[in-house]
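Please look at the sequence and the model first.

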Amino acid sequence: MGRVSADLHLPGTPGFRRLNLAMVLAGLAAFGILYATQPVLPLIGATYGVGPSRASLTVSATTGALALAVLPMAALAVRIGRVRAMRGGLLLAVLLTALAAVAPTFPVLVVLRAATG
């Protein structure tokens, strides 16, 4: 079965192009989630009554957590499979982002954003 899968992803084949497109879209989705709060930092500050530097924690916490999680998640991806790890990670990130959208307090928002990373 591994041989069939490898043949599907040879350069120039439709499977290879679909795989590349899927990787690009997954990367865009991940970066979109990562920086989702950046354009609305003034609104976050006004909503939660925090200054610009505290509001920016919604981006910094996510980026910092991502940096800490890269190596352990890479090891997990090797163990469970890259596709499964990417699907699970993006699904979890979407769920956490949806929860962050209704966070009742600023600390809860920052914790949810960090968990998203």
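## Rings, threonines and a pocket

Phenylalanine 31 is exposed, at 52% relative accessible area; exposed means over 50%, buried under 20% and partly exposed in between, with a 1.4 Å probe and protein chains only. The model is predicted, so local features need a pLDDT of at least 70 and side-chain atom pairs count only at pLDDT 80 or more, while totals for chains, interfaces and linings use all residues. Residues are numbered from 1 along each chain as its sequence is written, and side-chain values use heavy atoms, with hydrogens and water left out.

The whole structure holds 2 aromatic pairs. In one of them, the ring centres of phenylalanine 31 and tyrosine 35 are 6.5 Å apart and the planes are at 5 degrees, so this pair is stacked. Rings of Phe, Tyr and Trp (its six-membered ring) pair if their centres lie within 6.5 Å; planes under 30 degrees apart are stacked, over 60 edge-to-face, and the rest tilted. Tyrosine 35 is partly exposed, with a relative accessible area of 34%.

With the same exclusion, threonine 62 touches Leu34, Arg113, Ala114, Thr116 and Gly117.

The largest pocket has a volume of about 860 Å³. A pocket is an open set of points on a 1 Å grid over the protein atoms alone, where a 1.4 Å probe fits, with protein on both sides within 12 Å along at least five of seven lines; lining residues have an atom within 4 Å of a point. The volume is the space filled by probe spheres set on the points. Of the 29 lining residues, Leu66, Met73, Gly89, Leu90 and Gly117 lie nearest the centre of the largest pocket. Helices H2 (14-34), H5 (57-80), H6 (82-100) and H7 (106-116) each supply at least two residues of this lining, and H6 gives the most, with 10 residues. The lining divides into 21 nonpolar, 6 polar and 2 charged residues; Asp, Glu, Lys and Arg count as charged, Ala, Val, Leu, Ile, Met, Phe, Trp, Tyr, Cys and Pro as nonpolar, and the others, Gly among them, as polar.

Terms used. Helices (H or I, at least four residues) and strands (E, at least two) are DSSP runs, numbered from the N terminus. Contact means heavy atoms within 4.5 Å. Lists of a residue's contacts leave out its neighbours within four places in sequence.
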